Amino acid sequence: MIELPQTIDVVNYQEWQTFEPYYTELIERQVSAENQREWLQDWSDLTRFWQEVQAYTSIQRTLDTGDAEREAAYLAVVKEVRPHVEKAEQQLKQRLLQLQIDDADMQVALRNLRDEVDLFREENLSIRSELVELSTDYDKTVGGLSADWDGELENLNQLAVHLDSPDRAERERGWHAIMGLWQSIKPKADAIYTEMLAKRHQMAKNAKLDDHRQYAFRTRKRFSYSPEECYQFHDAIEAAFVPAVERILERKRKALGYDTLRPWEWVPEMGKVVSTKDKPLTPFASEEQLTQQSLDIFHNLDPELGHQFAHMAEGGMLDLMTRQGKAMGAYSHSLPYRKLPFIFMNAVGSGRNVQTMLHEAGHAFHGYSVMRNQPLVWQMRAPMEFNEVASMGMEMLAAPNLTQDRGGFYSEEEAARHRIEHLEKTLIFFPYMAVVDAFQHWVYTNVDAASIPANLNAKYDELSERFLPGIDWSGYEEIRATGWQRKLHIFRYPFYYIEYGMAQVGAYQVYRNSLQDHAKALADYRAALALGGTKTLPELFNAAGAEFRFDTPFLSELVEFIEHEVAQLREQTT
Ligand SMILES: [Zn+2]
């Protein structure tokens, strides 16, 4: 048995020497049929510990991107320690694959491990570290952006609030402030991305693959669909979602009495679309309120989920409000050693933040359930496409509890408005998702052309034209064409975006089921979450009561369902 420390004090885990004896012992231990389970468990426990060190240093860094010590700790872990761990892991995986493991719950994990072993190249470890550094550079560049707004310095998250303003002039001014900041870092973003492309292409070559798309599909464990099916999904989005988005935008344009909608009325990369109401929703004012009311919502949905959320809050696992120096965005990160998830947000009090809370809590419930239900780390790792069903499914399942009488933030009418805005945003998201995905398919299969920023802009513009209707961009064409620079995923996580679209299709189905039988839909959802990584992606969808399907007839049916729901909710508002 390996004796691991009880607490993670990251200062002590920035050197490979600290981990080395544990890995060496596992590599050298005699393994037979009698003790293979114990060996696996020890390796799993060590991996949980290592994963927590990574998670913890990463979380600490995002809480204060200006703190040099935190950044150094994070970089030491990913650049100094991780390559050694991965080398040791490669040896352990090779041993594992020689063992006879018949356990049905390990078969998906073994398939994944076999592929990882096959794809492993030692020379790619240093390239990965260099890519981490480039990502960090991008993060810092973007995180450090701020502009003066009436005498106050506002970061991008704070400036984004102006895009929610009912005052068109304020939206326009906010949009210009935001775009001005992005345009100011354009040369730097070009340089970072070009360098990333070259490095990613090299990794694929080292692994004897044609391009980084092949590499990314395998590292992302996309065994249930191919690039061809992604293209079909894009086509289905063009056929089913683009017309629905046109209908939404046209309705908004008419309600607002505008001749045309302008770029500050729909900012897809920030998930912003103009509201036709004269005041934004202001559901909460403080972290305490957001925490308490979220707890009430989850408790009313399912006491067990309420208990899990309370456990996280009491354990200091929530950091919700925005502040200067915090990294952008929101996430939930599992801390597998203490078996608790951490939720990070940049809340400012908006309705969108409530939605983000439901989303991240869905991830957190998934992590919580998996960490406590699956004995081995490899069984805990669910595919990303399904991870987002957990989060987006929670957004759908918890929606009826947004009213005050069920623990939530709103009156009946406000809740209906919130839900309409959310459902419309999910529809509006698909065409944008298709742009981000199609863009990267082109980039990574045309590396030479894509190394010239002007070509990237031209491609992005072409895709915007195809998928993003309804906005008059005249005078701002250059800003439209550089939209790819404003999407973190394109820089940090190549190809990681279509997962959101696939998962939303799953979440729509969870929602549709919940209207038939809410208790059963919730039970299926929770049961599917608990499966972790023990089933294939289509099997996980099925367990949650959903089909893994992305063709035009099926998507048209779901779009029709969501538009019908929106129409019904609209009757509850005036
Ligand atoms: Zn998510």
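Q: What makes strand 6 and strand 7 count as a pair?
A: Happy to walk through that one! In this predicted model, strand 6 and strand 7 (residues 340-347) are joined by five bridges in the antiparallel sense.

Q: Which residues of strand 7 are the partners of Tyr331 and His333?
A: Tyr331 has Phe344 as its bridge partner, and His333 stands opposite Phe342.

Q: In what order do the strands of the open sheet run, and what is the pairing?
A: Three strands make up the open sheet, in the order 5-7-6, and the pairing is mixed.

Q: Why is one side of strand 5 and of strand 6 left without a neighbour in the sheet?
A: Strand 5 (318-321) and strand 6 (331-335) are at the edges; each has a single partner strand, so one side of each has no neighbour in the sheet. On average, neighbouring strands here are turned by 15° against each other, direction ignored.

Q: Which strands do helix 2 and helix 11 lie across?
A: Helix 2 (residues 36-63) lies across strand 5, strand 6 and strand 7, at about 145° to strand 6. Helix 11 (residues 287-301) lies across strand 5 and strand 7, running at about 120° to strand 5.

Notes:
Residues numbered from 1 in each chain as written. Predicted model: local features only at pLDDT ≥ 70, side-chain atom pairs only at ≥ 80, totals over all residues. Heavy atoms only, no water. Pairing = 2+ DSSP bridges. Helix = DSSP H or I, 4+ residues; strand = E, 2+ residues; numbered from the N terminus. Axes fitted to C-alpha atoms, helices over the stretch in contact; angles between N-to-C directions. Contact = heavy atoms within 4.5 Å.
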